Amino acid sequence: KNNSSNSIPIMRGFLSAWARRWTLRKEDPRPETLCVFVPSGPSEHSDCDGDYMLVPDRESNSMPVWRQVGGSCHLYATKGESWMVSLTGADVDDSCSKGQLSLEQHKGFMPHRAQGVWRVNAGRWHPNAEIVVTRRVPNTLSITAPHGP
């Protein structure tokens with residue numbers, strides 16, 4: 001038993017390995033919304049662009065799944081510990097890794113916190129540093145200038 005003030009009590013077997021890592025990082029393990037930014041262009045899969053909402057009670061490889069708002073794309077974790085964006089929910093499977101966008105080796109981090117460069121499937125995988133996954137961006141932005149323009 002560790003009595004350190006920095007320790008977090010975790011019941012083994014109660015939380016998945018990834019959930020224990022999230023708890024230790026003190027990170028919200030399942031953001032309700034994420035936004036996928038994909039640059040437009042041929043074969044860049046801009047159809048994967050948009051806001052994604054957490055799918056309640058659905059997981060892939062002990063990780064959460066998000067569905068594109070107004071679309072059919074899904075963001076999920078593969079067995080190989082990659083984040084994947086697929087065109088349909090049918091591709092979301094614990095043993096499958098089908099998709100158009102991928103980020104390898106998430107190491108238990110949520111898609112908006114994972115390090116690395118997203119890749120695009122254009123017959124074979126190509127890196128694209130312009131693809132970004134972040135928490136949902138608000139529709140309005142307020143700027144104040146306390147000393148005028």
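Biologist: How many disulfides does the structure hold?
Modeller: Keep in mind that this is a predicted model. A disulfide needs two cysteine sulfur atoms within 2.5 Å. Take Cys-73: the closest cysteine sulfur, in Cys-48, sits 4.1 Å away, so that's too far for a bond. Over the whole structure, the number of disulfides is zero.

Biologist: Which residues touch the most other members of the largest nonpolar core?
Modeller: That core has 21 residues. Elements giving two or more residues to the core are β1 (33-37), β2 (50-60), β3 (63-68), β4 (74-77), β5 (83-86) and β6 (101-103). The residues touching the most other members are Tyr-52, Trp-66, Leu-75, Trp-83, Val-85, Leu-101 and Trp-118.

Biologist: Which tryptophan is Tyr-52 in contact with, leaving aside neighbours within four places in sequence?
Modeller: With those neighbours set aside, the contacts of Tyr-52 include Leu-34, Val-36, Cys-73, Leu-75 and Val-85. The tryptophan among the contacts of Tyr-52 is Trp-66.

Biologist: Where does His-45 lie, and is His-45 buried or exposed?
Modeller: You'll find His-45 in the loop between β1 and β2. Not counting residues up to four places away in sequence, His-45 touches Val-38, Gln-100, Leu-101, Val-120 and Asn-121. Its relative accessible area is 18%, and the cut-off is under 20%, so His-45 is buried.

How values were computed
Residues numbered from 1 in each chain as written. Predicted model: local features only at pLDDT ≥ 70, side-chain atom pairs only at ≥ 80, totals over all residues. Heavy atoms only, no water. Core = buried A, V, L, I, M, F, W, Y, C linked by side-chain atoms within 4.5 Å. Buried < 20%, exposed > 50% of the residue type's maximum accessible area, 1.4 Å probe, protein only. Helix = DSSP H or I, 4+ residues; strand = E, 2+ residues; numbered from the N terminus. Contact = heavy atoms within 4.5 Å.
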